[in-house]
Amino acid sequence: MYDLERIAEDQARFARCVAEAQPYAPLLVKIKLTWRCNLRCVMCNIWRQQRHELLSLDRLRALADELADLGTRKVHLSGGETLLRPDLFDLVAYLSDKGMRVNLTTNGTLLTPERAERLVEAGVRGVSISVDSPDRKVHDRIRGVAGAWKRTVRGIRALRRVVDRHRAKVRLRINTVITRRNYTSLNRLAAFAHEEGVDRLTLIPVDDPTGQLRLNKTRIRDFNGRVAPVLAEEGVAWGLFQTPEEAYPFGRTGRELEYSKLGEYARGLYRRQPCYAPWTHAFITPRGRVHACCMTRGARPLGDLRVQSFREVWKGTSYRALRVAMRDGHLYPACHRCDDFLQANRFLHRLADGRGEAFDVRRGR
């Protein structure tokens with residue numbers, strides 16, 4: 001996700017940027033395209049929010065021009081539901097033509113054969129589809145709409161057929177948010193993904209500060225004992241995981257489980273080192289507010305693309321202040337709840353300290 005090989009080849013400059021709290025490059029930029037969604041997921045607040053102000057396609061194209069000039073390698077489009085924006089295909093094509101890898105997340109219910117065809121023709125390189133369980137009833141209860149599972153599976157199959165017909169280099173991924181409502185049903189998730197022709201599987205512990213959906217320690221141990229071993233064995237065998245550890249998003253040691261039962265899925269990592277997202281990453285809301293990542297979107301924005309260029313924000317005083325704070329160990333509380341890029345951040349920390357050659361870059365994510 002961070003283009004680790006490129007940073008490793010440029011280690012001296014990356015380490016200097018970290019030391020001086022200067023930007024490296026926005027290698028990965030995540031753009032939320034809309035707040036709107038056609039589902040009512042129990043773990044998500046986006047659909048409950050009535051906010052309709054969006055960046056126009058013209059403004060997004062101008063943003064794409066800036067990102068290409070600044071060295072962005074990958075853009076991830078999300079929502080809300082991305083397929084509710086009718087200009088999605090035009091934006092994917094524009095970003096792709098600029099040489100950036102374009103991935104998007106969708107719940108899959110609107111992924112008709114015609115839309116799958118348009119996505120592939122536009123140049124999309126990865127599609128992450130949300131599936132909360134291989135069990136139809138469990139998935140639909142979590143998604144809040146009857147029939148959602150059936151439409152999502154239909155969408156996965158439509159996209160798989162188009163990708164195979166075009167022999168396109170498009171990776172299909174299933175994202176699964178683990179909650180106390182679905183974890184016991186996930187032992188068949190790897191088999192389901194394999195049967196549907198999916199390339200990768202990502203398990204995401206629910207971000208739930210209230211604790212109502214989060215697994216307690218007993219449930220985590222149950223998941224690790226009965227579900228994760230099956231996922232690990234089958235997931236690695238079918239290429240859905242690179243390593244068995246990906247089947248254990250809560251960790252495996254007693255100390256890791258203590259952190260995870262509190263919702264601290266970074267498992268103490270950011271008590272020992274910074275997160276390097278402010279040097280390589282940006283997150284943009286539908287109305288154009290810029291943050292370092294999705295976990296910091298509740299904090300004060302670092303800039304506003306309605307009145308600033310992205311370059312001004314990326315190189316501005318607010319972003320630099322965040323880099324200084326992060327470098328010096330003053331993280332947001334939300335950072336400790338984040339399970340994203342853990343391996344990548346371990347690797348980047350070694351690079352920043354001049355020790356990257358001893359770490360396996362291929363295991364970063």
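# Reading the terms on this predicted model

Q: What makes Val153 a contact of Glu196?
A: Contact means heavy atoms within 4.5 Å, and Glu196 is in contact with Val153, Ile156, Arg157 and Arg160 when its neighbours within four places in sequence are left aside. This is a predicted model, in which local features need pLDDT of at least 70 and side-chain atom pairs count only at pLDDT 80 or more, while totals for chains, interfaces and linings use all residues. Residues are numbered from 1 along each chain as its sequence is written, and side-chain values use heavy atoms, with hydrogens and water left out.

Q: Why is Glu196 called buried?
A: The relative accessible area of Glu196 is 10%, and buried means under 20%, exposed over 50% and partly exposed in between, with a 1.4 Å probe and protein chains only, so Glu196 counts as buried. Glu196 is found in the loop between helix H8 (189-195) and strand E6 (200-205), where helices (H or I, at least four residues) and strands (E, at least two) are DSSP runs numbered from the N terminus.

Q: Is Gly254 buried, exposed or partly exposed, and how do you know that?
A: Gly254, which has its place in helix H10 (residues 254-261), has a relative accessible area of 38%, and therefore counts as partly exposed. Gly254 and Asp304 are 50 residues apart in sequence, and their C-alpha atoms are 43 Å apart in space.

Q: What makes the phi of Phe341 worth noting?
A: Most residues other than glycine have a negative phi, and most peptide bonds are trans. Phi of Phe341 is near 60 degrees, a positive value in a residue other than glycine. Phe341 sits in the loop between helix H13 (317-327) and helix H14 (342-352), and at 8% relative accessibility it counts as buried. Arg167 also has a positive phi, near 50 degrees, but at 78% relative accessibility Arg167 counts as exposed.

Q: Which peptide bond is called cis, and where does Gly80 lie?
A: The bond from Gly79 to Gly80 is cis, with omega near 25 degrees, and Gly80 lies in the loop between strand E2 (74-78) and H4. Phe89 lies in helix H4 (residues 88-97) and, at 9% relative accessibility, counts as buried.

Q: How do you know that the protein chain is as compact as a globular protein of its length?
A: The secondary structure of the protein chain comes to 14 helices and nine strands. Its radius of gyration is 20 Å, close to the 21 Å that the globule rule gives for 365 residues, so the chain is as compact as a globular protein of that length. The radius is taken over C-alpha atoms, and the rule is 2.2 Å times the number of residues to the power 0.38. Of the 365 residues, 56% count as buried.
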